[in-house]
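Trainee: I have a model open and would like to learn how to read it. Could you take me through it feature by feature?

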Amino acid sequence: MTIAAISTAVGEAGIGIVRISGKKSLEIANKVFKGNKVEELNEGHSKRLVYGHIVDRENNKIIDEVLISFMKGPHTYTREDMVEIYCHGGIISVRKVLDLVLKNGARLAEPGEFTKRAFLNGRLDLSQAEAVIDMIRAKTDKSFETSLNQLEGSISAKIKEIRDILLEMIAHVEASIDFPDEDIEEVTYEDLEERALKVKEKIEKLLETADRGRILRDGLNTVILGKPNVGKSSLLNAILRENRAIVTDIPGTTRDIIEEYVNIDGIPLRIIDTAGIRKTEDIVEQIGVNRAKKSVEKADLIIAVFDISRELSDEDFQIIDIVKDKKSIILLNKIDLPNKFSKSYIQSLIGDKLIIETSVASGIGVEVLEKSIKDMFYSGEVEIHSDTVITNLRHKNQLEKALENINSALNDIRNYIPIDCIEVDLKNCWDNLGEISGETIDEDILDKIFSEFCIGK
Ligand code: GDP
């Protein structure tokens, strides 16, 4: 079936693109297109731009002036024959052109269907197809780079490496089971152990990158915590002011929780500014407080703000309690005003945590805070751009399952369990990894993955 969709974002723009893919692409294009110099599009026009008009032949009405490009498969995005029609931008033109294309034999594409076809036709493996979604959604240069790297096949290559070792092991084990008398070199437990260890190490190494990968993809979940009036909003504004590359504004700011994305030298920071945690009777406020507590649970980092110009109150002590055993940075704000307590006093209450004195209203200390966040992020061993990073939760889950299975195999090998039992774990491990690249995968999971795409991709 030949599919079509608008592939550009809908709205006012210079051009809009209608994309068609499938066997009948060329035929449909010729039904709707009338070239100025070209009688009819044919295979000779592959990958050339042709100028002309989209015409509704039923009433001979010109719909739009366009450039059209026919691309002969298999060297296309989907590996099928494709056509792209470059219309004038805006909502009306592309819509009308798409309608006409649909009327002439194409079906409206589902979200992600072009990429799904690229996968099903073997042009991309699953992890590469998923990288395409991530690229579209990337919020910083670094997360874009990581996705691009993944699209180029960096994860696929690592997974293949591990699966190759497993396959060799499985083949060797099977040969010893099936043809014990023949002249095949016997598998030894020592040899199996050595190879299983290699598999285990490689899986663990990939898994180590996952936390950092999630942060790159979704942002470092940062919660600003503090009782009312300590300067939380002022801090948020100061950070936003200094990092003008605000990537996303989340509309629909609630009464108590504001969510913003900022980009500090490539680290996406998802900042949640809470109403503070306090007991309240007000229902609306209650919702905010509950949400604040929830965001604290899920936070990668808490910035706890205290007002040094006021005595510490019960609420402050509550907050100290909450952040004590969480990854957090303490801000003592309003140092421009007379101090009511000292840094060392707070330090004695909170233990070994970074404390920064600030006056966020005048921007003092904000840079130190940003540098500290950066240092925390980069102190890990994993180099972001040079290494393959697992950014996808589904991949992480599969790697965890694979690790469990190889550990079980390793355990059996060390206990000299009969090798046909070991083989089961090895095969499971091989399957788990195959689901990352999509070599062994359920139709349902596939549908779910591709439904996350936007239409036209
Ligand atoms: P929030 O309720 O925690 O979000 O606090 P706000 O950011 O709204 O700040 C409360 C008040 O404290 C405002 O009037 C700010 O101008 C003021 N404020 C914030 N930071 C400072 C600071 O560093 N020094 C002084 N003197 N005032 C500040």
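Mentor: Start with contact, which means heavy atoms within 4.5 Å. Two ground rules now. This is a predicted model, where local features need pLDDT of at least 70, side-chain atom pairs count only at pLDDT 80 or more, and totals for chains, interfaces and linings use all residues. Residues are numbered from 1 along each chain as its sequence is written, and side-chain values use heavy atoms, with hydrogens and water left out.

Trainee: Where does Asp-134 lie? And does Asp-134 count as buried or exposed?

Mentor: Helices (H or I, at least four residues) and strands (E, at least two) are DSSP runs, numbered from the N terminus. Asp-134 lies in helix 4. Asp-134 has 10% relative accessibility, so Asp-134 counts as buried.

Trainee: What does Asp-412 contact beyond its neighbours within four places in sequence?

Mentor: Asp-412 is in contact with Ile-417, Ile-422 and Asp-425. Asp-412 lies in helix 14 and counts as buried because its relative accessibility is 17%. Asp-412 and Tyr-189 are 223 residues apart in sequence, with their C-alpha atoms 9.7 Å apart.

Trainee: How do I read a pocket?

Mentor: Work on a 1 Å grid over the protein atoms alone. A cavity is a set of points where a 1.4 Å probe fits but cannot get out; a pocket is an open set with protein on both sides within 12 Å along at least five of seven lines. Lining residues have an atom within 4 Å of a point. Grid points are joined across faces, edges and corners, and the volume is the space filled by probe spheres set on the points. Here, the largest pocket holds about 400 Å³ of space. Its lining has 19 residues, with Arg-217, Asn-392, Leu-393, Arg-394 and Glu-452 nearest its centre. Helix 4 (126-137), helix 8 (210-218), helix 14 (393-414) and helix 16 (443-451) are the elements that each give two or more residues to that lining.

Trainee: What about a nonpolar core?

Mentor: A nonpolar core is a set of buried Ala, Val, Leu, Ile, Met, Phe, Trp, Tyr and Cys residues joined through side-chain atoms within 4.5 Å. The largest one has 30 residues, and Ile-203, Leu-399, Ile-406, Leu-426 and Leu-433 touch the most other members. Helix 6 (154-178), helix 7 (189-208), helix 14 and helix 15 (419-437) each give two or more residues to this core. Helix 6 has the largest share, eight residues. Apart from this core lies another, of 25 residues, including Val-262, Ile-329, Ile-356 and Ile-373.

Trainee: How many salt bridges does a search of the whole structure find?

Mentor: A salt bridge is a side-chain nitrogen of Lys or Arg within 4 Å of a carboxyl oxygen of Asp or Glu. The search finds 26. One joins Glu-27 and Lys-31, at 3.7 Å from N to O. Those residues are four apart in helix 1 (residues 25-32), so about one helical turn separates them.

Trainee: Which parts of the chain does the pair Lys-103 and Glu-58 link?

Mentor: Their closest N and O atoms are 4.0 Å apart. Lys-103 is in helix 2 (residues 91-103), and Glu-58 is in the loop between strand 4 (49-56) and strand 5 (61-71), 45 residues apart. Lys-103 is exposed at 52% relative accessibility, and Glu-58 is exposed at 70%.

Trainee: Which residues are linked with Glu-80 in a network of salt bridges?

Mentor: Arg-107, Glu-113 and Arg-117. Glu-113 and Arg-117 are among the buried residues of helix 3. Seven of the eight residues in helix 3 (residues 113-120) are buried.

Methods: Buried < 20%, exposed > 50% of the residue type's maximum accessible area, 1.4 Å probe, protein only.
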